[in-house]
Structure formats: structure tokens, C-alpha cells
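Hi,

Here is the structure I promised to pass on. Have a look at it first, and then read my notes below.

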Amino acid sequence: MKKTKIFFWITTSIIFLMEGVLPALTSQTELAKEGIRHLGYPLYFGNMLVVFKIAGALALIFPQVPRRIKEWAYAGFAIDFIAAAVSHAAVDGLGNFQAFFPLIFLALLVISYLNYHKMVSSNGTSNK
């Protein structure tokens, strides 16, 4: 159980920092705006994405958040990471690291998700 908690908190903390804190701090920089434009998305899409990333990151990191909300946050991040990989591959090609990078976070998300469910099932709590 201790190893499960360690894996959960490490992976979830990385996702929280990279997908919640970092976008909150950098989303209005010219580099971030250029990244959204480069992929062909309008700037309002980037702003909307940041709001959902922050909300999802908070949902994952706080234990009091109901399970159903956490499930939606996990699903949202999975869709986000897959869409980011596809977008970068379509615009920059498959050989570009930018197309592979979101899949690293998808792997971390899967580890977080699996360990979250191990912790919930071993505690016997439903946290609806």
C-alpha cells in the first residue's frame, strides 16, 4: 500500500505541476500563444484549455474531490494528451519530439489512475 501511495503522489504531483501550475503561470506568454497559433488553433481555445487543465489538476490533487469528478478529470487529461500528440504529429510530423512528449504524460496519467484505484479499493471507500 505504501508503494501505491508513493507512485500515485509522485505521478499525480507531476501532472498537477505540469498541467495545472505551469499553464496557469505561462498561458499568456507570447511563446504559449505562438504554440497555439502554430497548431492552427484560435487563441480562445488555448485560454479555454488552460481553465480546464487547472480545474482537472485541482480535481486530481485534492483527496476530497468526489470519485466521479476525478474520473472525468482523468478522461479529460487522457483526451488532451492524445489530442496534443496527434496535433503535433499532424503539423510537425511524427519524427518531432513534440509529437511524442504528450505520450510521456499519458503514461504518467495511467500510472496515477491505476494507483488511485488501488488506493480507493484497498480503503474500501466509495467517495462518490
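**What I found**

The protein chain has five helices and zero strands (helices are DSSP runs of H or I with at least four residues, strands are runs of E with at least two, and both are numbered from the N terminus). Before you read on, note that this is a predicted model, in which local features need pLDDT of at least 70 and side-chain atom pairs count only at pLDDT 80 or more, while totals for chains, interfaces and linings use all residues. Residues are numbered from 1 along each chain as its sequence is written, and side-chain values use heavy atoms, with hydrogens and water left out.

**The chain as a whole**

Going along the sequence, the pattern is α-α-α-α-α. The C-alpha trace spans about 45 × 30 × 20 Å along its principal axes. Of the 128 residues, 33% are buried (buried is under 20% relative accessible area, exposed is over 50%, and partly exposed is in between, with a 1.4 Å probe and protein chains only). Take the contacts (heavy atoms within 4.5 Å) between residues at least 6 apart in sequence: 70% of them join residues at least 24 apart. The chain exposes about 7,900 Å², and carbon and sulfur atoms supply 72% of that (areas come from the Shrake-Rupley method with a 1.4 Å probe; for residues, only the protein chains shown count as cover).

**Helix α1**

Helix α1 covers residues 2–26, which is 25 residues, and reaches 34 Å from its first C-alpha to its last, close to the 36 Å expected at 1.5 Å a residue (the expected span is 1.5 Å times one less than the number of residues). Where is the kink in α1 centred? On Leu17, with an angle of about 30° (the bend at a residue is the angle between axes fitted to the seven residues ending there and the seven starting there). Leu17 itself is partly exposed, at 49% relative accessible area.

The buried residues of α1 are Thr4, Phe8, Thr11, Thr12, Ile15, Glu19, Gly20 and Pro23. They pack against α3 (43–61), α4 (67–92) and α5 (97–123).

Lys53 sits in α3. Is Lys53 buried or exposed? It counts as buried because its relative accessible area is 16%. Not counting residues up to four places away in sequence, Lys53 touches Glu19, Gly20, Pro23, Phe77 and Asp80.

Asn115 is in α5 and is buried too, with a relative accessible area of 7%. With residues up to four places away in sequence left out, Asn115 touches Thr4, Phe7 and Phe8.

The elements giving two or more residues to the patch are α1 and α5, and α1 gives the most, with six.

**One more spot in α5**

Leu106 is also in α5. Leaving aside neighbours within four places in sequence, Leu106 is in contact with Ala78, Phe81 and Ile82. The C-alpha atoms of Leu106 and Ser122, 16 residues apart along the chain, are separated by 24 Å.

Cheers
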